[in-house]
Amino acid sequence: MRAARLIKMVLLLQSRPAMTAAELARELEVSERTVTRDAQALSEAGVPVYAERGRAGGYRLVGGYRTRLTGLARGEAEALFLSGVPGALREMGLEDAASAARLKVSAALLPSLRDASRTAAQRFHLDAPNWFREPRTPELLPAVADAVWDDRRITARYRRAQDEVVRELEPYGLVLKAGVWYLCARVARERESAGGPYRVYRIDRFTAVEPGEERFARDDGFDLPAFWAERAEQFARSILRARVVVRLSERGARGLAYAVDALSAREALEAAEGPDADGWVTVTLPVESEEVAHTQLTGLGPEVEVLAPQGLRDRFARDARRLAELYAGAGPDDG
């Protein structure tokens with residue numbers, strides 16, 4: 001436990017010019033007193049950790065000290081080579097940099113671990129796009145990615161409905177969701193005037209991107225994964241504006257999450273009362289619209305009965321009559 005913490009402390013100091021005791025304590029999840037003891041232990045072991053006292057003081061490594069990655073176990077080394085998404089790196093124009101980094105890491109590993117990249121690649125592969133959809137890389141993605149890495153403002157022109165809008169943006173982060181690239185950014189003038197909110201833009205709707213000369217001061221409190229998770233949930237719920245009431249057989253209840261939004265299906269089933277005498281449950285389900293609900297629920301066939309709204313129930317009744325007429329006569333191979 002302590003040995004792993006000491007290695008992590010050396011790697012942290014190796015990656016930064018200096019760190020305060022408070023920063024190290026936060027990263028290592030220990031007290032500042034423990035940081036002091038660990039720094040002394042490293043120094044006694046020959047690692048040149050230097051402590052600078054005073055208000056701007058902290059810990060640093062002396063003389064450009066570097067440690068090789070000889071402490072990695074095989075599982076850790078293989079996980080390291082799984083941490084990137086090759087397709088995403090290629091689309092952002094970072095494939096060469098990633099390849100060079102992998103080579104450097106491989107060279108630093110013990111000889112017994114240098115096949116980690118090959119063994120990981122043979123066993124795991126991430127294919128991000130959805131099925132039955134040809135992935136298309138937005139032409140302007142590399143320019144946006146450069147600006148994200150460089151904390152540089154951009155002037156972007158993008159399509160919004162039938163219009164094109166120009167905005168000066170502070171690009172905070174990129175997200176690849178189901179084969180679609182999104183930019184999380186803040187409109188520069190809104191930040192200056194009112195601490196404006198972060199917004200999400202689809203990269204494939206950008207028609208022009210011009211990097212500016214000015215860099216922006218990144219908000220260190222911005223958490224990209226947490227922001228995206230919250231925004232994705234808000235979006236999913238915002239489009240579910242209509243409500244339908246349905247009865248579901250046991251089989252229909254099991255298949256509901258595959259027909260509609262999975263989270264909405266789970267919440268609706270959890271809120272439902274126990275099954276009726278026929279073993280069916282009645283649920284109130286949020287949906288995007290009656291038209292979308294008709295398409296989605298049709299996939300459950302006779303395992304679902306729509307109770308409300310009446311217009312949707314009538315549509316399913318018409319479908320049932322048409323199916324009955326279609327299959328009422330003898331088939332081409334019958335009789």
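Me: In which helix is Thr34 found?

Reply: This is a predicted model, and in it Thr34 belongs to helix α3, which covers residues 32-44.

Me: Is Thr34 buried or exposed, and with which side chain does the side chain of Thr34 make a polar contact?

Reply: The general idea is to compare the relative accessible area with a cut-off, and buried means under 20%. Thr34 has a relative accessible area of 12%, and therefore counts as buried. Its polar partner is the side chain of Ser31, at 3.0 Å.

Me: What is the pLDDT average of the chain, and what share of the residues score at least 70?

Reply: Where pLDDT is low, the predicted coordinates should not be read in detail. Here the chain averages 82, and 79% of the residues score at least 70. Among the elements, the lowest mean pLDDT, 57, is that of helix α9 (residues 188-194), whereas strand β10 (residues 304-308) has the highest, 95.

Me: Which residues touch the most other members of the largest nonpolar core?

Reply: In soluble globular proteins, nonpolar side chains tend to be buried together. The largest nonpolar core in this model has 23 residues, and those touching the most other members are Val144, Leu169, Leu174, Leu183, Ile203 and Phe206. Two or more residues come from each of α8 (141-150), β3 (152-160), β4 (163-177), β5 (180-187) and β7 (206-215), with α8 giving the largest share, 5 residues.

Me: Which residues make the nonpolar surface patch of about 390 Å²?

Reply: That patch is made by Leu323, Leu326 and Tyr327. Leu323 lies in helix α14, residues 310-328, and its relative accessible area is 48%, so Leu323 is classed as partly exposed, given that exposed requires over 50%.

Me: Now for the backbone: which peptide bond is cis, with omega near 0°?

Reply: Omega is the angle to read for this, and the bond from Ala308 to Pro309 is cis, with omega near 0°. Pro309 sits in the loop between β10 and α14.

Me: Where does Glu29 lie, and what is the value of its phi?

Reply: Glu29 lies in the loop that separates α2 (21-28) from α3, and its phi is near 60°, a positive value in a residue other than glycine. Its relative accessibility is 72%, so Glu29 counts as exposed. Asp151 also has a positive phi, near 50°, and is found in the loop between α8 and β3.

Note on methods. Residues numbered from 1 in each chain as written. Predicted model: local features only at pLDDT ≥ 70, side-chain atom pairs only at ≥ 80, totals over all residues. Heavy atoms only, no water. Helix = DSSP H or I, 4+ residues; strand = E, 2+ residues; numbered from the N terminus. Buried < 20%, exposed > 50% of the residue type's maximum accessible area, 1.4 Å probe, protein only. Polar contact = N/O pair within 3.5 Å; in protein donor to acceptor, adjacent residues only side chain to side chain. pLDDT = per-residue confidence, 0-100. Patch = residues over 30% accessible without salt bridge, like charges linked within 9 Å, V, L, I, M, F, W, Y side chains within 5 Å. Areas by Shrake-Rupley, 256 points an atom, 1.4 Å probe, with all protein chains shown as cover. Salt bridge = Lys/Arg side-chain N within 4 Å of Asp/Glu carboxyl O. Core = buried A, V, L, I, M, F, W, Y, C linked by side-chain atoms within 4.5 Å.
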